Every structure is written in C-alpha cells, then in structure tokens.
Amino acid sequence: MSTRPNLPPLRLHVPEPKFRPGDEADFGDVPIPAAGATPRPAVDSAPAAFHDLAYGLVRVLDEKGRAVGPWDPKLSPDTLRGILRAMAKTRAFDERMYRAQRQGKTSFYMKCTGEEAIACAQAYALHRDDMCFPSYRQQGLLIARDWPLVDMMNQIYSNKGDRLAGKQLPIMYSTREGSFFSISGNLATQLPQAVGWAMASAIKGDTRIAATWCGEGSTAEGDFHSACTFASVYRAPVIICVVNNQWAISSFSGFAGAEATTFAARAIGYGIAGLRVDGNDALAVYAATEWAAERARTNQGPTLIEFFTYRAEGHSTSDDPSAYRSAQEREKWPLGDPISRLKQHLIALGEWDEERHAAMDLEVANEVKAAQKDAEKNGILGHGMHQPMSTMFQDVFETMPWHLEEQRQEMLAEAKAAGIETS
Ligand SMILES: Cc1ncc(C[n+]2csc(CCOP(=O)(O)OP(=O)(O)O)c2C)c(N)n1
Ligand SMILES: [Mg+2]
C-alpha cells in the first residue's frame, strides 16, 4: 500500500468515551480548581491578559455551600431565593411535560435536568430586554422571566392556543415580547443570528446586548466559527455561551474536540474574552454573565463562556442514554446538582431551611399542574385538528409566494372534494 516503505503508515485518532454502559464511572482525573481560586480580571482588561481562565473553572460555591473569592456576586437573599425558585420551577415543568409526552399528549419533549443554573441564573444577570438566542435547553430563561407556563405548554401541545400555530416542533418556543428568538432545529444557526442582531443594535446606537447558547457538540458546526469571527472583528456586544454538558445525543464531547482543549479556549484563537465556568454553581454562572454583560454594554466586545456541566438525563424523549453511557456517571459527576448547591448555600446563610424548600417544591409543582390543566383545555395531540388547515402555509413568508399560494389552493380543493373541514 505505502509508496514510501521507510515511513510509518498514517492513522487517525477516533475518540472513545471513557465509560460505557456497565462501566464504573470515575471522574478523578477531571481537574476541579477550588472555589474562589480563580482571579476576576477587570472588565476592561484585554482578552490576551487572562488566557488562563479559558483553561480553569470559575467557581464561587465551595463544598460547605459558602460563597468565596473574587467572583462572589454578593446577591441579596431575595435574589438567591428567586434563582432557586426559577430552577425548581423549571425542573417541575420538565417533569410534568416529560410525563405528558409519555402519556401521548405531545410528540416530543426535552429536559434540562442538571443544567438549570445556566439559563435561570443568567436570566437574573441579563436585562429583561437583552435579546436571547437560545438552543432548545434554555427553557429556564422564559421560566425565570416569569413567562406564562400556559403559553409554553400551548406550544408543546401544538393546540389552538399555540402562538406558533403548530408550525414548530414542541419546545421550539418563540416570543418577541419575551426577547426570546425562535428556537431552530438546525443546530447553531442562532449564533450568527445573535452576532448579527448585536451588530445591528450597535449600528443603531441602541443599548441592548445579545446572548446566545449552543451545546458543546454544536460548536463543531461552521456557524459557531463564523459567529466568532464576526463577533471578534466588529467587537459585537454579544455573549456566546457554550453549554458543555458532555454529550451530544449519543456522541460524547470528544467528537467536538474536548480531548484536545477546552471549549472556552476556542475564544483565544479569535481574540475574544474566554471564560470557563462551573455550570452547576448558580453564583459563578451569574457572576460570569454579569461580567460578560458589562463588557458588552461598555463596548469591550464579545465574551465566550463555556459552562461545564453534565446532562443528567436523556437527550430528549426520543433517547435512551442507558444504551451508550454508564448509568453511574450522573451520581459520580463531581460538580453536583445546581439546585442542591444553591439550597445548601441559602441554608448556610441562615436564609432557608428544609421546610421552606419542601413548601416551595409543592408550590411550583401545583403551579405547573394548574397551568397544564388550563393548557389542556386548548387541546392535546391527537384530539382533532387544532389549527384550521387553511392556515398551514401562513406565517412562513411575510407575503406568501405564488407557489405556496398555488399549493394551498390545491390542498383546499382536495380537502373540499374529500369532505374535510378546512377552516
Ligand atoms: C445541523 C444539525 N445537525 C444535527 C442535528 C441533530 N441533532 C439534534 S440535537 C443534536 C446534539 C447536539 O448536542 P449539543 O450541541 O451538545 O447540545 P445538547 O443537546 O447536549 O444540549 C444533534 C446532533 C441537527 N438538529 N442539526
Ligand atoms: Mg451537549
């Protein structure tokens, strides 16, 4: 085969996850710096001055639940309780909607279990009108911003209250009033869109910034890299968040490059400020986002933040993680559970206790249950047609192109001939 027998044959490296089903999981080799050990650079420092932060881990909450070090955002107990409640509500919402899918009330659902601190604490650190370009795992943004749960459920059920009229996959919310850009099933498209929106905001002389999220797997898409280039070149007022939950359906993070370096280190090549943050530490998430937002608001440019976390459950209701990863990973994962960690902190401060926590869990579960009851009045999957057939081609283009109008007419004529109701 070889044309030069004196040279070794070439070979490829194919990444392989450390643990597979049945394996003992051991994260002992994952470096976890102590809470409080990472310096906090001034917001106007040049990105080149803090390269180390792309390889470390910003952490605030220590093992005893104390907030330590320069990144402690020093939030009031009320704000801490607000973030805790948003996370608990997100988890309760996920539980309920997962169950609704299993009951056949919707076709699809995606949980964010274990990742709640990211969207929930960030919603508190951003302004309400900062524009969010999320992926499908940041439902916590809407929930923390007190967006009506019924509205989200209507979309999940594609029922007659669905503001998107059944045109999107369940969980792909969209709300202009909520500053929440339409979620796209095409991974990473939201990144260049967010950078473009941020550039437009600056061109108009506005004061609003943009934030965008993608999973670590999605950084392998070209869109991630063109977004970083534009963000760097024009110093766009944007925060690019990479949620590294270590899995992309059944592909582990190694296939997106995690064996070679960190995702935060992608920032260095683009000359962007890069931070790597404990994604299960709500205070570190808040502090990093506040820091990045201040950079963006004061024209210091973009920040790329990697949130290191773990996808505690399956990718979606269509997935079975026990087929490809060790069941022990979740319990062995060293950064813990974000809700338990913030709860422990509030208790350590003397601002919370087990009784109040149990009462809160009950309250949010009841709130979700009541919303579900209301949403189901608008219909669930399989219980008839919730949107008139005649609307099928609407709301895709501002003005319907001739070929869609032609197809619409054809469909209506066929439905009429078959005696199917269309309006
Ligand atoms: C362009 C594109 N490629 C592939 C898919 C199929 N797909 C949907 S989600 C997913 C995994 C994404 O993983 P990651 O970015 O890590 O996000 P996570 O699901 O872990 O939050 C894949 C491959 C898609 N929707 N779009
Ligand atoms: Mg992932």
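Which residues touch the most other members of the largest nonpolar core? They are I83, V238, V277, V285 and A288, out of 100 residues in that core. Helix α8, residues 282-297, gives the most to this core, with 11 residues. The model is a predicted one.

**Overall fold**
- The protein chain holds 12 helices and seven strands.
- A compact globule of 423 residues would have a radius of gyration near 22 Å, and the protein chain agrees with this because its own value is 23 Å.
- The C-alpha trace spans about 75 × 70 × 55 Å along its principal axes.
- Of the 423 residues, 43% count as buried.
- Take the contacts in the protein chain with a separation of 6 or more: residues 24 or more positions apart account for 77% of them.

**Domains**
- The protein chain is divided into two parts: domain 1 covers 47-317 + 328-376, and domain 2 covers 389-418.
- Between the C-alpha centres of domain 1 and domain 2 the distance is 38 Å.

**Around V285**
- V285 is among the residues that touch the most other members of the largest nonpolar core.
- Neighbours within four places in sequence are left aside here; V285 is then in contact with A117, I118, A121, Q122, V277, G279 and F307.
- One of these contacts, V277, is also listed with V285 among the core residues that touch the most other members.

**Helix α10**
- Helix α10 runs over residues 338-348.
- Its buried residues are P338, I339, R341, L342, K343 and H345.
- What do the buried residues of α10 pack against? The partners are α1 (77-102), α2 (116-125), α8 and α11 (354-376).
- G350 follows α10, and the phi of G350 is positive, near 80°.

**Ligand 1**
- How many residues surround ligand 1? The shell has 17 residues, and the closest are L187, G215, G217, S218 and A248.
- By class, the shell has six nonpolar, seven polar and four charged residues.
- Strands β2 (210-215) and β4 (247-248) each supply at least two residues of this shell.

Definitions and conventions. Residues numbered from 1 in each chain as written. Chains lettered and ligands numbered in written order. Predicted model: local features only at pLDDT ≥ 70, side-chain atom pairs only at ≥ 80, totals over all residues. Core = buried A, V, L, I, M, F, W, Y, C linked by C-beta atoms within 7 Å. Buried ≥ 20, exposed ≤ 12 C-beta atoms within 10 Å, placed from the backbone. Helix = DSSP H or I, 4+ residues; strand = E, 2+ residues; numbered from the N terminus. Contact = placed C-beta atoms within 7 Å. Near = placed C-beta within 6 Å. Nonpolar A, V, L, I, M, F, W, Y, C, P; charged D, E, K, R; others polar. Rg over C-alpha atoms; globule rule 2.2 N^0.38 Å. Domains from an automatic or database assignment.
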